[in-house]
Number of protein chains: 2
Amino acid sequence: LSSPEPPRRGRPRDPEVERRIREAAISVYADVGWSGFNIERVAKEASVGKGSVYLRWTSASQLLLEAFETELRFVDENIDTGTLRGDLEALAHQIAHVYEGDHGRAYLRMRIEAHSIPGFDQYFEFQQAQMAASRKIVRRAVHRGELPADTRVTMLLDVLSGGLLVHSLTTPRLLVSAKSQRQYPSDLVDFILRAAEAGKSRAAG
Amino acid sequence: LSSPEPPRRGRPRDPEVERRIREAAISVYADVGWSGFNIERVAKEASVGKGSVYLRWTSASQLLLEAFETELRFVDENIDTGTLRGDLEALAHQIAHVYEGDHGRAYLRMRIEAHSIPGFDQYFEFQQAQMAASRKIVRRAVHRGELPADTRVTMLLDVLSGGLLVHSLTTPRLLVSAKSQRQYPSDLVDFILRAAEAGKSRAAG
């Protein structure tokens, strides 16, 4: 007799439901932090049964980690528009998008709490990979001669993501138009490029 | 018969004890957030009796608010060195100092939670006053002709405080020397001034 197939841990077929559950996880986490985070709450927020969540994720921390890695991705590793300005604008818009709404608060909480969440060493690895991907963008520009060889790559990126973070924290979204909301990342890239390129003329002069 | 004096709510005589209690409040808050914050915990952390805390502060939220306003002060309103570079360096070092250690995590938590803490409308007023004080520094430089009239004052300050925030979050303090720790704010000011001054030559050209 052949043994029966092992019970299959099925996945919900609908990727839209998966996404809704991940978004609900981020939203619950933004509100209550790790100390109040559990699958019951997430299921309620996503308007699905607890079983649908357990079908796909075995623990609260696994769900939260996957939600972060999927929905709070700052850097698309394929950004390569051919120019530094194009790449930085794409990066800036992605970062601004991550900081919008619940995601910004969830991200800040994670910066404070990650060390106390089981399995979240993996989150630091994800963060490292994201930082490496954004450094690659700037290094490529140095290679092409768009920026001087002594460019402070990490500082340039601190300023880009930090400027967007502080802007999102201090600008109540309802008070600014969607247009100025879209404009800020581009203007910030202009500002940063002026600094970086001034470094170039100084190095050449 | 004259009525007896009302019971005096004395203050602990020792300002060093007051400071220790405020620092303990920030440290406890950084660890557990508002949901776990109470005077008992703060007293334990500060190694003082609960009575010493209640002598001076009537509620947990009042203590926390005062701790923030005193110990997490980003801008000394008297900064006025005579030059933009001097003023921004003084500002950058103050901000970097605020983000050090527990203070940075406490600040981020407050950005997430302030709306749910009783009495913390006052904290937003404090923040507004701090932002106004730093804008004054940049506006003064515009007046002196050190920066072009169309300088994006708020963006310049977003970039300064944001760069320092991201740097403090991503740089494990134990891995960098005290010297490079002191150097970063000055280098960041150089970077930002290059951008702001490039704006000037562009406006003049």
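**Notes on a predicted two-chain model**

1. Let's start with one residue: Asp158(B) sits in helix α8 (residues 153-170) of chain B. Helices here are DSSP runs of H or I with at least four residues, strands are E runs of at least two, and both are numbered from the N terminus. Asp158(B) is buried, at a relative accessible area of 4%. For the wording, buried is under 20% relative accessible area, exposed is over 50%, and partly exposed falls in between (1.4 Å probe, protein chains only).

2. Before going on, a word on what you are looking at. This is a predicted model, in which local features need pLDDT of at least 70 and side-chain atom pairs count only at pLDDT 80 or more, while totals for chains, interfaces and linings use all residues. Residues are numbered from 1 along each chain as its sequence is written, chains are lettered from A and ligands numbered from 1 in the order in which they are written, and side-chain values use heavy atoms, leaving out hydrogens and water.

3. How confident is the predictor? The model scores ipTM 0.81 and pTM 0.82. Mean pLDDT (the predictor's confidence in each residue, from 0 to 100) is 85 for chain A, with 87% of its residues at 70 or more. Within chain A, helix α2 (residues 39-46) has the highest confidence, at a mean of 97, and helix α9 (residues 178-204) the lowest, at 80. Where pLDDT is low, the predicted coordinates should not be read in detail.

4. Back to Asp158(B): what does it touch? Setting aside residues up to four places away in sequence, its contacts (heavy atoms within 4.5 Å) are Gly162(A), Gly163(A), Val166(A), His167(A), Thr170(A), Tyr184(A) and Gly163(B). His167(A) belongs to helix α8 (residues 153-170) of chain A and is buried too, at 16% relative accessibility.

5. Now the interface as a whole. 33 residues of chain A are in contact with 32 residues of chain B. The two chains bury about 3,000 Å² between them, 69% of it on carbon and sulfur atoms; buried area is the accessible area (1.4 Å probe) that two parts lose on being put together, summed over both. Ile112(B), Phe191(B) and Arg194(B) supply 21% of the area that chain B buries against chain A, more than any other three residues.

6. Chain A has 9 helices and 0 strands. Of its 205 residues, 48% count as buried. Residues 24 or more positions apart make up 69% of the chain A contacts with a separation of 6 or more.

7. The largest nonpolar core has 129 residues, and Leu160(A) and Leu160(B) touch the most other members. Such a core is a set of buried Ala, Val, Leu, Ile, Met, Phe, Trp, Tyr and Cys residues joined through side-chain atoms within 4.5 Å. Beyond four places in sequence, Leu160(B) has contacts including Leu88(B), Ile95(B) and Ile192(B).

8. Finally, the aromatics: there are 20 aromatic pairs over all chains. Phe120(B) and Tyr123(B) have ring centres 5.9 Å apart and planes at 45 degrees, so this pair is tilted. Rings of Phe, Tyr and Trp (its six-membered ring) pair if their centres lie within 6.5 Å, with planes under 30 degrees apart called stacked, over 60 edge-to-face and the rest tilted. Phe120(B) is buried at 1% relative accessibility, and Tyr123(B) is buried at 4%.
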